[in-house]
Amino acid sequence: MSASMRILEIPKRPDARLIAEFAKMVTPHLSDSMERLYAGGPQLRPMHREGKLAGPAFTVKTAPGDNLLVHKALDTARAGDVIVVDAGGFAEQAIIGELMMSRAKQRGIAGLVIWGAIRDSAEIGAGTYPVFACGVTHRGPYKDGPGEINVPVVIGGMAVNPGDIIVGDADGLVVIPQDQAAKILASAKAILAKETASMKQILAGTVDRGWVDKALKEKGYKI
């Protein structure tokens, strides 16, 4: 068997209760909790109208413009998984369209992340089933391979291992490594609490803005 013919299982899926907690978080708070260094980049955008995405990554590495292994993933991913496809960021052929999206939805797959293009964008864009991609084209895919399932992939400069927690919303995507999940979740919850308090101060007109002039003075500005 060649190195490009591996069809593997996710080694370990995160606990469903942990996924549910991450589903409550927004991507900016999660990104800030990872030092703002790890995100899917501005090219990976939500193609659906609205709808939160959260679940373990079921990864697919495929040749650009080819979706043979994506079809296999649609048949073998578990309910709640997020199919994450590394198609090289190549947007000349669509990797999925309305039919494949509908198959994923029917099987209970949490959503689709395509580092590549989609088609049937009007139909996908009118719905709430989570689909993220980096382009749109009418040109269809090939079904020749090669490809692999549940191997490490890179999407938008972001490394994804099988079983990593994927979270997506209107601002984009983040990937949470399982071994850092508890720490990142706790940080995101702390940021949420802090920003909630700040919003109350803003609405009440009691926010202290003294830090702005202080920062400017420290940088040499005359205030």
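Strands S9 and S10 (residues 172–176) pair in the antiparallel sense, with five bridges between them. The structure discussed here is a predicted model. A hairpin of two residues links S9 to S10, and Ile-166 has Val-175 in S10 as its bridge partner. S9 also runs antiparallel to S2, to which it is joined by four bridges; in this pairing Pro-56 stands opposite Ile-165 of S9.

Strand S9 (residues 165–169) is largely enclosed by the rest of the structure, because five of its five residues are buried. In a regular strand, side chains alternate between the two faces of the sheet. In S9, Ile-165, Val-167 and Asp-169 point one way, while Ile-166 and Gly-168 point the other way, and all are buried.

Burial was also examined in helix H3 (residues 68–76), where Leu-69, Val-70, Ala-73 and Leu-74 are buried. These residues lie on the same side of H3, because they cover an arc of only 155° around the axis. The buried residues of H3 pack against strands S2 (53–62), S3 (82–96), S4 (111–118) and S6 (147–149), as well as against helix H4 (98–106).

The largest pocket has a volume of about 210 Å³. Its lining comprises 14 residues, of which Met-34, Tyr-38, Val-175, Pro-177 and Gln-180 lie nearest the centre of the pocket. Strand S8 (158–160) and helix H6 (181–204) are the elements that give two or more residues to this lining. By class, the lining of the largest pocket contains seven nonpolar, four polar and three charged residues.

Definitions and conventions. Residues numbered from 1 in each chain as written. Predicted model: local features only at pLDDT ≥ 70, side-chain atom pairs only at ≥ 80, totals over all residues. Heavy atoms only, no water. 1 Å grid on protein atoms, 1.4 Å probe; cavity = no way out; pocket = protein on both sides within 12 Å on 5 of 7 lines; lining within 4 Å. Points joined across faces, edges and corners; volume = space filled by probe spheres on them. Nonpolar A, V, L, I, M, F, W, Y, C, P; charged D, E, K, R; others polar. Buried < 20%, exposed > 50% of the residue type's maximum accessible area, 1.4 Å probe, protein only. Arc of directions from axis to C-beta. Contact = heavy atoms within 4.5 Å. Pairing = 2+ DSSP bridges.
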